Amino acid sequence: MDVEGAEKEALEGARNHIMRAKPKLLISAYHIPEDIFDIPKMITDMRDDYKLYLRFDGQPGVIWPCDYVLYAL
């Protein structure tokens, strides 16, 4: 999901589904600097059996502040 800075709110809204069904998640983690830390913590607080991967999907040579994506599998 890429909801332009509302990723934490969207995760909170999906809390019951995440806890019950463990869907695969792909979440943008670059809109708000703290998101790179807060979003993984939110996910692991909901379920501790996710494996988390952070990937840079941006343009070569551009490191910040775009296109960091968190995968939760």
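Leu-54 has Leu-70 in strand 3 as its bridge partner. This is a predicted model, in which local features need pLDDT of at least 70 and side-chain atom pairs count only at pLDDT 80 or more, while totals for chains, interfaces and linings use all residues. Residues are numbered from 1 along each chain as its sequence is written, and side-chain values use heavy atoms, with hydrogens and water left out. The average pLDDT (the predictor's confidence in each residue, from 0 to 100) is 92 for the protein, and 95% of the residues score at least 70.

- An open sheet is formed by 3 strands in the order 1-3-2, with antiparallel pairing; strands are DSSP runs of E with at least two residues, helices are runs of H or I with at least four, and both are numbered from the N terminus.
- Strand 1 (25–28) and strand 2 (52–56) each have a single partner strand and stand at the edges, so one side of each lacks a neighbour in the sheet.
- On average, neighbouring strands of this sheet are turned by 25° against each other, direction ignored; the axes are lines fitted to C-alpha atoms, and angles between N-to-C directions run from 0 to 180 degrees.

**Strand pairing**

- Strand 2 is joined to strand 3 (residues 68–72) by 5 bridges; two strands pair if DSSP finds at least two bridges between them.
- Strand 1 is joined to strand 3 by 4 bridges, and these two strands run antiparallel.
- Tyr-71 in strand 3 is the bridge partner of Tyr-53, and Leu-26 also stands opposite Tyr-71.

**Aromatic and charge contacts**

- The structure holds 1 aromatic pair, for which ring centres of Phe, Tyr or Trp (its six-membered ring) must lie within 6.5 Å.
- Phe-56 and Tyr-68 form this pair, with 5.1 Å centre to centre and 50° between the planes; the arrangement is tilted, as planes under 30 degrees apart count as stacked and over 60 as edge-to-face.
- Phe-56 lies in strand 2 and Tyr-68 in strand 3, so the pair ties together parts that are 12 residues apart in sequence.
- Phe-56 is partly exposed at 30% relative accessibility, whereas Tyr-68 is buried at 14%.
- The charged end of Lys-22 sits over the ring of Tyr-50, 5.4 Å from its centre; this requires NZ of Lys or CZ of Arg within 6 Å of the ring centre and within 35 degrees of the ring normal.

Notes: Buried < 20%, exposed > 50% of the residue type's maximum accessible area, 1.4 Å probe, protein only.
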